Amino acid sequence: MPAQQHRSRYLPLPSKPPNLKEDLETIRRGIGEALLQEVGNIQHAVYGMHGISRHDTLYTGLSGISFMEYHLAEMNVPLQGELLSSQSLVSLADKHLARVLRHKPSFSYSPDRLSFIETNVGVAILILARGLWTSEEVIRNSWKTSHEYLIHVVQTALDEDARNDIYSPSNKEDGCEVLYGRAGLLYALLYLRKSFQGKDEPSVHDLTSDKVLSSLVDSIMTRGKHGGFLLSSEFRTGDFAHLPPLMWTWHGKRYLGGAHGVAGILHILLCCPGSLIQKHLPDIFGTISWLMEIQDDDGNWPSKAPTQRGFSSPNDLIQWCHGAPGMIILLSTALRVLHEQEEKIVVEEGFTDKIRRSIESAANLVYKRGLLRKGVGLCHGVAGSVYALLAASSASDGSSSDRPYLAKAAHLGLLATLREEMTAKGEMSVPDHPWSLYEGLAGTCCAWAEILCRLDSSGSHRALSGFPAYDDLVGLV
C-alpha cells in the first residue's frame, strides 16, 4: 500500500513517547485537565440537546453518554472535584437514561439487531442494571417491560437456531458480529450478569444463567464452524495448508479484525466464564493461531479472509473496527485466558511467546499510525488506538516504572487533548456525533480516565476498566 494512502488516514506523531518517570506529572496534568473540561463540555452539550432519537443507541446516542458516566463512576479516577465523583456521575447518568426513555417507543425485536452497542438491547440492559436502585421513576417503571423484552430477544434468537438446520444453504454463519449480532447480545448478558454479581434477583439470574449463556455461545460457535466449513470448501486441497476452524460473515463479507469481524467475536467468547467455553477452546485458539499466521510484516492484518486468489483486500485500516487494534485486544485477552486456564488448554510449545510477539508487532504499528485523522473516538479514532496500546501494556509491560506501551498509550492520549488545534488546522475531522461514546469525546474521556488510573498504579494489569461496552468485564464470574 503506497505511503501516501497511509498518510491520508493518520497524522505523523509530532513528538516521541514520554518517559514515565520524567514526564509523569506533565501527562497527568494535561490529561487530567482535558478529562475534567471535556466531561463538563459533554454534559453541558447534552443538557441543551433537543430531538433525541427514538432509535437512540449507545454508539452515537444519549444512552452512550449515560454509559460513559456509569463507566467513569466505577473507576475511582485519581482527580479531585465533584464532577467526577461516583455519586454525581451516577445521578447524571440516570437522568440522561431517563431522558432517552421519555422519547423512546416500545421496544421491538429485529433478528439482525441484537447487540448491546447499536440496538434497543443496550438501553434495556441499562434499565435492568439501574432500575432497582435509581430514583428516576421512568427507569423504575420501565424495568418489567425491559426484562420481558430481553427474555423475548434471547428466546427468539435461540429458537431461530433450534428451528433451522445450521448447515442449510442460507447464510447461517452470518449475524454474529459485535455491533449488531449475537456476539453483541452475548456481551449484553455478560454485562448484566456482572452488574448483578452478589445481588439476589432471581429474574435477572435466570436471564444470565449458565444455561442461557451456554446456549448462545453454542449458537455462535455452530455458526462459526459452518462458516469455517464453507471457507475451506472454496479451496482446492493443498491451496492453503491451514485454514481456520471458525469463520463468520457480516453482510456476506468475511471481515477479520475489529467489531465487524472474527476478532471481535472471538474476544467476546473469551470474556465468558471459563466453564462456558471450555469445550470450544481448541477451535477458538486454532482460529487465533491462524490469525497470527496471516499477520503481515508491518504488523497489520488483511481486512477480509482469503479467496482462492489470496488476500485481495487492502490492509491499510488500522482502527478498532478493522485491523490491528481489535486484534491486539483479542490477543491480550487470549493471553489472560491461557494464564487462567493453563492446565485445561493444550497449545503448541512457545504459543504464548508467539502471541506476545504478534501483539508487540501490531502495537508498534498502532502507535505509529494511531493519531487518526477521523477524530478522537473509539471506533475509528485515537481512543481506539489508546485502548489497543493499553491492552498491549497488559500483555507485555512488566512491573517496571518505564512500561513502554503504557507510555505510548499516554502519549496518544496526551496528543488527543490537542484535538481542537488539529481540527482548526484541517488535520483532523469532526465526527457527525462529536459528543458520543463511539464516534466522539465520551469514549475519549473513558480512555483518558483509564490512562490516569493506570499511571496511578504500580502494575501493568488492568484492575477496574477497559474498552467501554467491549472489554470491560473484568471480575465477571
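Predicted model: local features only at pLDDT ≥ 70, side-chain atom pairs only at ≥ 80, totals over all residues.
Residues are numbered from 1 along each chain as its sequence is written, and side-chain values use heavy atoms, leaving out hydrogens and water.

**The binding site**

In an unreviewed entry, UniProt places a "binding site" at C321, C379 and H380 (such annotations may be inferred rather than shown by experiment). These residues are spread over 60 residues of sequence, yet they cluster in space, with a largest C-alpha distance of 6.5 Å. C321 sits in the loop between α13 (281-293) and α14 (324-340), while C379 belongs to the loop between α15 (351-368) and α16 (382-396). Helices here are DSSP runs (H or I, at least four residues), numbered from the N terminus.

| Residue | Relative accessibility | State |
|---|---|---|
| C321 | 5% | buried |
| C379 | 3% | buried |

Contact means heavy atoms within 4.5 Å. Leaving aside neighbours within four places in sequence, C321 is in contact with G257, G258, A259, H260, C379 and H380. With residues up to four places away in sequence not counted, C379 touches Y59, Q319, W320, C321 and Y438.

**Helix α8**

Now for α8: 13 of its 14 residues are buried, so the rest of the structure largely encloses this helix. α8 (182-195) also supplies at least two residues of the lining of the second largest pocket, as do α3 (62-73) and α5 (120-130).

Methods: Buried < 20%, exposed > 50% of the residue type's maximum accessible area, 1.4 Å probe, protein only.
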